[in-house]
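Biologist: I have a new model open and would like to walk through it with you. Could we take it piece by piece?

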Amino acid sequence: MFNKLIKSNEFLVFLIIITLSIVIGMINPAFFSVATIYDILRASNVYNLMAFGLLLVVILGGVDISFVAITAVASYGTHMAMLKLDYQGGIWLYFLIGTAIGLICGFLNGFLITRFKLPIFDLTLATQTMLYGFSLFFLGATANFDLPERMVGYYGKYLAITEDPFIGTTGLHISVLYVLAAGIFVWWLLKYTIIGRGIYAIGGNREVAKRSGFNINRITMIVFVIMGVLAAISGVTQSGFQRNFSPTLFIGQNLNVLASVILGGASITGGRGTVIGTFLGVILTQLINRALILTGIPVEWQQFVIGVLLIIFIAIPAIREERARKVGHTTELSEEQA
Amino acid sequence: MAEKLLRVEHITKHFAGVTALDDVSFSVDQGESMCLVGENGSGKSTMIKIISGVYTADSGDIFINGNHYKKLTPMESMHAGVQVIYQDFSLFPNLTVAENISISELLSTGKKMVNWKEVKELAQEGLDKIRVSIPLDAIAGTLSTADRQLIAITKAILADARLIIMDEPTTALTRREVEALFKIINDLNNQGVATIFVSHKLNEVRQISQRTVILRNGKKVLDQDAKDLDIKTIEYQMTGREINTSSIKYSKSDTKSAPLLKVENLHLLHGFFDLSFELYKNEVLGITGLLGSGRTELALSLFGQLPADSGKIYLEGKKIRIRNIFDATSRGFGYVPEDRIREGLFLPQSITDNIAVSIIDTLTTVSIFLDKKAKKQLSDNWIEKLNVKTPSGKLPAKSLSGGNQQRLVLAKWLAQNPKILILNGPTVGVDVGSKSEIHELVLTLARQGMGILMISDDIPELMQTCNRILLMRRGKIVNEFIREKTTEEELAKELVATDSNNH
Amino acid sequence: MKKTTNKIITLLNDIKEKSAFDGQMVLLVGIFTVLMVFFTIMEDGFMTERTFSSMGFQIAEIGLLALAMMVSILIGGINLSINATANLGAVLAGYFLFKVFPPVDTGEIAQIFTQINFPAEGGNTTIYILIDILIPILVGILTGVINGYLVGYLSVPAILATLASLSLFTGISTGLTKGRTITGFPPNFELIGAKTISGIPIPFIIFLVMTVVTYFLLNHTTLGFKMKMLGTNPTASEFSGINNRAVIMQTYIYSGILSAIAGIIVMSRTMSAAYEYGSKTYLLFSILIAVLAGMTPGFGNVINVFISVLILQILSTGFHMVLLGVRGSSFFKDFSWGILLIIIFIFNYFVRGRKAQE
């Protein structure tokens, strides 16, 4: 059991995180502080929410690109409506309405995919375009900074506060609770419900899943609804952070979130992936971003370094596999030889 | 007298003008081990699908445990205790053994939550029933074919199967694993579970069955105790022809000239060791052995897909190196695969394109520009020569029947005019008629000077085409048979013989 | 009499085959026609030379990228790095000029602007323009080699490989320009991007030419043949003697060259180079065009891609004109494009269903 743990992809990512942290810490000792942890968590919370949803889709065997558009429509749409009502209350109502919108968007994706048997990548490509277009055209083309009164302080709603000489005052933001709740929910869904096992089954062998009796349409629908809801929550949260609502929220970020999910050990062909792995993948991504800043690499070259790291990340296992393939496939013979 | 477990009576089934089954009747006792034998196109697959409810017979009756079913559904069939294990084992490669075994049960109970303790207990219960031990936490995809098959059987047992139908179960098993499987089948039979073993491997059929039913062209031609059958009889019944080997126009191999191909000390890690042999012009050289003997690896090595680690290869006297498929094809090697769908054909593309694909570089007008007329001519030429039954070369390859598809693959290679043709299980999944035509073609090609390597475990096939037959076991060549001086029985015995280490 | 009718039927069949006629094309031509009619009715100024001229200038960039995407999908992969390649080519070309003709003030201004200080008079503009065309093409080839190596030789899934290379290429562009836009290209450089030949915008001609080249590549060369077979069944392709790796490499190189040409046109049209040009939309639209055109591994028609590009452009220009004055008209195009695709998907679903029944 312990052996399996060590060999797992999640553990590897964990090790990388530890190593990287130590390296950063050595270059810049200010890194080793509670403030850093709070800060990293805060930045990654919104990504984690999206990533947990995307994880479900990836395990199912598909790639959803529209979730970023859902974050925008859910948050911006709610805000535009609230502006008209001159709402001045707290963020909770935004969460409520935003979630409803996210649910509808997720349902739309799920419906089109199941009813018309459409490939997930292609369809979500179309809905992404449609949703951003909808957002920009029908709702508004510019970011809006007119926050409801009681929401202004949201970005500073901490569970615990700390003072840091470099970062300043920061804390453990309340949104970490959402991540905790979402993470536990998705983990529980995947491990302890038939629906969750069904997601793995479909990703593993769709035909057999059908034959075994899984209701593929229902499971797919559930996955996309959850994706939509989590995307919406992420969108509202982020808007609260940046203290404005944007119709192009998170645009272009979908590939980053996907990269985090893959980094966390999910297989792009489906059937594999865990919540812990995804969480670590997101943290690692954030850490790399930070590492780049702290190591003093000029801002303009950070993207380049990320690119190089990505290439190395995908090339190394690929090279190893190539070598293994050349050395020899194993046949029953090798077993008998032993 | 105890009620028979399964009785099918006067089953007839038509498909778009083709009669798949014609008035077939047989029965299976509780705990009986029966073999259903037949060539491709004999109707055995259709019969299985009717028993399991996937197809509905046009006429006839099915009785399971005395209950009469006119129109059987898959659900009913399963509930009645019929379980079919297909060649893909219906497994989830990414889930654990325990989950794979228990999942169908879980689903049928309609529960929404998963109790892992239950899952494991259930799986263990199943494994215990067939006295097999496989780690419950292992991921199914990492297990050997044999183990995965055992999981499939366990699943069937858990579903309270009274009749387990196995479709070509030994295709990817080693000798040892086949023996293990037979033991389990015996156990099951002793526990009262009947088994129908669908196969075309005659030596296994005789070993495992108490009774053999042979289908040919949709009709039942034999139904008797297996003990009394010999290979020749079975084969005769399966094909309907008495293959009189004296009437076959074998090719006379040219042993006077230097060998066409000479292999010395060829070695492939985890594949084969120290192989040396010769292939002469006009010769059909058979290479046989069970799974794990290295025969497939040898074929792939000569074709360049699994280049050998060391050793020498001489083609027409000249030393050559085969490091990749391009090396092989450019030197005049052709390869007709067993899995033609994956390795030989481009199903959605046109028949013409399938034929032209290997020599496309020669079908040009100027440098890389295609000569479409030449391509069409080439294709029409070979469609006719090899008798590929199709109204037009433009149709996709998937529109062809199995036998015609294999002919298409042959056409692709013959278009290159190869010096050496490697055939790896060339008539698997091919109907009787096409099979004999392909054999005739092989002999014709050999007579015309080609050297042919026939890799097969189909003993009649080997005896009907080869001049010599090499037997491989555990990566080495252990015996050589001259066809004229051998019999099918002898070959069959040698094939399944174990050496002193009981391997 | 019978002979003539037979001859006519054979002739028609020949035309039908030679024109690679297929159902998807009928659909696309139909949509094209409907849109043309729709916008002509809605907007007086639509059916004018000016409109077509402006469309002709804009269409080339996305059109070339769509072709670049198409070939990568044909072999069963995808190329997410096309826009990054286009920009990288442009940035490197501009950077070269920037280094050769540094800004006069080497003080603070040089830190702020990436401004090429091309001499107003004299100086052999042609040479530099030629170099500025050559550099992107070389970049296109190089990026193609990188992608081809990752996907063909290392067997990395194309979506991951080109995602990584996209990051790398963007990273280089960002690093060199410090996020700024390079401006100040030589005066005659706009020749490509802003001029016409007998009334037809040069970019459109380039796009048309490359479409024809691609058509010939795919339908009349051995490489094109191998590409489609590889896309259909990579295993059988290898077993049939096709050098998969070489084909993949060549495909990504061609894709890179097409992307680079797109970059040249952008450079010429905007007289600038930036790491992020089109980054939010172009990649997405090129995939959408491919999907609309019915591209799948092993199957795809250049003509369909061409028509799909036209459709996108018409939607874009059309809605822009109709909604002139209404803010955010280009967003409506996005919205309608998404809806259009969904409608096509649903339509295809029903067509497939009927075909299956036949």
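Biologist: Which residues does C:Gly45 touch, not counting residues up to four places away in sequence?

Modeller: First, a word on conventions: this is a predicted model, where local features need pLDDT of at least 70 and side-chain atom pairs count only at pLDDT 80 or more, while totals for chains, interfaces and linings use all residues. Residues are numbered from 1 along each chain as its sequence is written, and chains are lettered from A and ligands numbered from 1 in the order in which they are written. Two residues are in contact if their C-beta atoms, placed from the backbone, lie within 7 Å. Leaving out residues up to four places away in sequence, C:Gly45 touches C:Thr51 and C:Met321.

Biologist: Is C:Gly45 buried or exposed?

Modeller: The place to look is the loop between α2 (23-42) and α3 (49-74) of chain C; helices (H or I, at least four residues) and strands (E, at least two) are DSSP runs, numbered from the N terminus. A residue is buried if 20 or more other C-beta atoms lie within 10 Å of its own, exposed if 12 or fewer, and partly exposed in between, with C-beta atoms placed from the backbone. Because C:Gly45 has 12 C-beta neighbours inside 10 Å, it counts as exposed.

Biologist: What distance separates the C-alpha atoms of C:Gly45 and C:Gly318?

Modeller: Along the chain these two glycines are 273 residues apart.

Biologist: What share of the contacts in chain C with a separation of 6 or more comes from residues 24 or more positions apart?

Modeller: For background, chain C has 15 helices and 5 strands. Of its 358 residues, 51% are buried. Among contacts in chain C with a separation of 6 or more, the share from residues 24 or more positions apart is 79%.

Biologist: Which residues touch the most other members of the largest nonpolar core?

Modeller: A nonpolar core is a set of buried Ala, Val, Leu, Ile, Met, Phe, Trp, Tyr and Cys residues joined through C-beta atoms within 7 Å. The largest one has 349 residues. The members that touch the most others are A:Leu54, A:Leu55, B:Leu453, C:Leu288 and C:Ala290.

Biologist: Which element gives the most to the side of chain A that touches chain C?

Modeller: The contact takes 37 residues from chain A and 40 residues from chain C. On the chain A side, the elements giving two or more residues are α6 (120-139), α11 (254-263) and α13 (299-327). With 15 residues, the element that gives the most is α13(A).

Biologist: How many nonpolar, polar and charged residues are on the side of chain C that touches chain B?

Modeller: Here 17 residues of chain C are in contact with 22 residues of chain B. Ala, Val, Leu, Ile, Met, Phe, Trp, Tyr, Cys and Pro count as nonpolar, Asp, Glu, Lys and Arg as charged, and the others, Gly among them, as polar. The chain C side divides into 5 nonpolar, 10 polar and 2 charged.
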